[in-house]
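Subject: Structure handover

Hello,

Here is the structure I promised to pass on. My notes follow below it.

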Amino acid sequence: MRVATDIGGTFTDLVYVNENGEIGVAKSHTTPPNFEKGVIDVIEKSGIDQTAIQTFIHGTTVIINALTERKGVKTGLITTKGFRDVLEIARGNRPDLFNVRYQKPVPFVERYLRQEVEERLNYKGEVLAPLNKEQVKEIVAYFQKEEVKAIAISYLHSYVNPEHEIETKELIQKLWPEVAVTASHEVTKEWREYERTSTTVFNSYVKPIAASYVDRLHAKLLENETDSQNYIMQSNGGTTTFNSAKQTPINMVESGPVAGIYGAAVLGEIIGEENIIAFDIGGTTAKCSLINKGEVKVSTDYFIERNERNAGYPIKVPVVDIVEIGNGGGSIAWIDGAGSLKVGPQSAGALPGPVAYGQGGTEPTTTDANLITGRLSPENFDYKVDLEKVKAAVKEKVAEHFNLSVEDAALGIIRIANSNMLNALKLISIRKGHNPREFSLVAFGGGGSMHATALAKELGVKKVIVPVASSVFSAWGMLMTDLRHDYIQTYIRRLNQVDLSELNHEWTSLEQQALNQFKEEGLDESKVLFTRFADVRYLGQEHTVKVPVPNGEWTTETIAEVVERFGDLHEQNFTFKLEGTPTEIVSLHLTAFGKVVKPTLKKLEFSGNAADALKETRPVYFEGDGWMDTKVYHRQLLGKEVQVSGPAIVEEASASTVLYPGQSLSVDEYGNLIIDTGVELYDTSC
């Protein structure tokens, strides 16, 4: 049996597949700060035989929470003499140019804990000054006195030659075995000193937190006689072992969210949809990503806490390209200083949660608004719902301020939340040169299917797909992932002057690193597959385009092919290409997949008609139409090829799909809901 669990801000999800290919799901409340308890709770709630679990895959928010809540450990930094202030200097590209009060992000390591050591390499990796080991010893003694719990090492040009970083780490481990140590070359071999140092510091900052959490979770599994192969979801869309995750936990910074994105790509491949907008609404956030021609975009240009006013903090590890905003089911509706209605980013979370939970929440949320307008049924909550108390909260906090009825105020909350989510969807589609009409929207998470049909119509998307187990789809996505490691090496060479033998040696070296790592993880070489990319730019440019490049030995013909691919991608991204302009490689990027056996989707075995699945008819409040009698269907009773017309609601235990008037729904052979949003593919009026 394969089991996947995903910790969200409000719920912990589980999906399992047994030896017969049957899928089961479960949800339980997230249990901060002891997240492992929530994992065990949801396993027990699922009713599965824990001793039968052969593969266990886990997605967690522990790392991103530790960073955003500043709950990592006291960390010291050792760097090359003259570079202790690289975290303070950061970058000069201010996101808010006209803000005279703008302040740079405050470094996670205070200046007195940033120590310099004499050593120096040039840009080729050649040693100019040897490592002063006596200074390292003095720094270790100083850090011990300051009760530092983790140390980051980041030396100039160590991405080319990590010799001094290796010597320093070995010396620290000899002098102080208990302290957590990260050397920059272990997490990234890309250039740019600030970004590389920032990433290294973050890895050290969360390393003891991650190790403690993984060890506690592992102990709980063993306590329940679960002797399984254990993996953790990474931000690059693949999995890694528990042990590897403890060494470079920064690779788990977006552990949970990316699984749903990857799952959407896998689902698209199965049902013949290669252009997909993946859209996930959870209890705390909404997340979206664009999948173009089946490709999930992965980038190392990732930041936390970055927005239109704040530069944020760079983390230079491979992360699926994802836009995340603070709008989910638990997002709080509030009135700002100017008297405008806002929704999020503050969230009621798991505790106290929305007012509807009856756990002490007093602030109205998106979930409460959906309940008042009839989109959600009180029967589907884990707690007994006091609807009058929910209405009173919306009336007091929103309706009275605008002199509205309670239902209009609730609809206003939904519309504001939808507006926020629509902006995020535009960021990953229209603003990147993609026409949303050429994509289908895969909606998942507890609130995805409830909001997706309205958003798709607004965006111009013709088709919405609500997958089986949509509310726990990120966990489902984990079941469909392979082991994955990314190896990125800065390698700046002009393509028309590159030494092919040297270049081929670099590719071979990266592949050997991958094979060695998978061997340590117990995976046979025959199950390892490689995909190559190169970060390429025109000579004189600052930034690059990631270009898929061929495997195998490169020749002069390969170089010409890569230049042509780069030109086409540059034109797609930036609307132009410069024929005949010299190009250069900046970095080589090898993605190594360790293929594992994945479950196959089971097709529905029964047909039926909509009448068999009809649960009730209840009033639902729609914008422009007011209260409408709306048919409500049990999803599990909808057989293949069933047709439903809106207005309608399709309910399952932890999600509701809303069909607006003029929209229609059918069920495909796998049980996915395929919704026609009523949008014309092309405007024929012109």
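How much of the chain counts as buried? Of its 686 residues, 57% do. Buried means under 20% relative accessible area, exposed means over 50%, and partly exposed lies in between (1.4 Å probe, protein chains only).

Before you read on, two points on the source. This is a predicted model: local features need pLDDT of at least 70, side-chain atom pairs count only at pLDDT 80 or more, and totals for chains, interfaces and linings use all residues. Residues are numbered from 1 along each chain as its sequence is written, and side-chain values use heavy atoms, with hydrogens and water left out.

**Overall**

The chain holds 17 helices and 35 strands. Both are DSSP runs, numbered from the N terminus: helices are H or I with at least four residues, strands are E with at least two. The radius of gyration is 26 Å, close to the 26 Å that the globule rule gives for 686 residues, so the chain is as compact as a globular protein of that length. That radius is taken over C-alpha atoms, and the rule is 2.2 Å times the number of residues to the power 0.38. The C-alpha trace spans about 80 × 60 × 60 Å along its principal axes.

Take contacts between residues at least 6 apart in sequence: 68% of them join residues at least 24 apart. Contact means heavy atoms within 4.5 Å.

**Strand S28**

S28 covers residues 583–594. Twelve of its twelve residues are buried, so the strand is largely enclosed by the rest of the structure. Two strands pair if DSSP finds at least two bridges between them. S25 (residues 483–494) pairs with S28 in the antiparallel sense, over ten bridges. There, Arg484 stands opposite Phe593. S26 (residues 528–538) also runs antiparallel to S28, joined by eleven bridges. Here Phe533 has His589 as its bridge partner.

**Strand S11**

S11 covers residues 229–233. Four of its five residues are buried, so this strand too is largely enclosed by the rest of the structure. S4 (residues 55–59) pairs with S11 in the parallel sense over four bridges. S12 (residues 239–241) pairs with S11 in the antiparallel sense over three bridges. S11 and S12 form a hairpin with five residues between them. In the turn, Gly237 has a positive phi of about 95 degrees.

Best wishes
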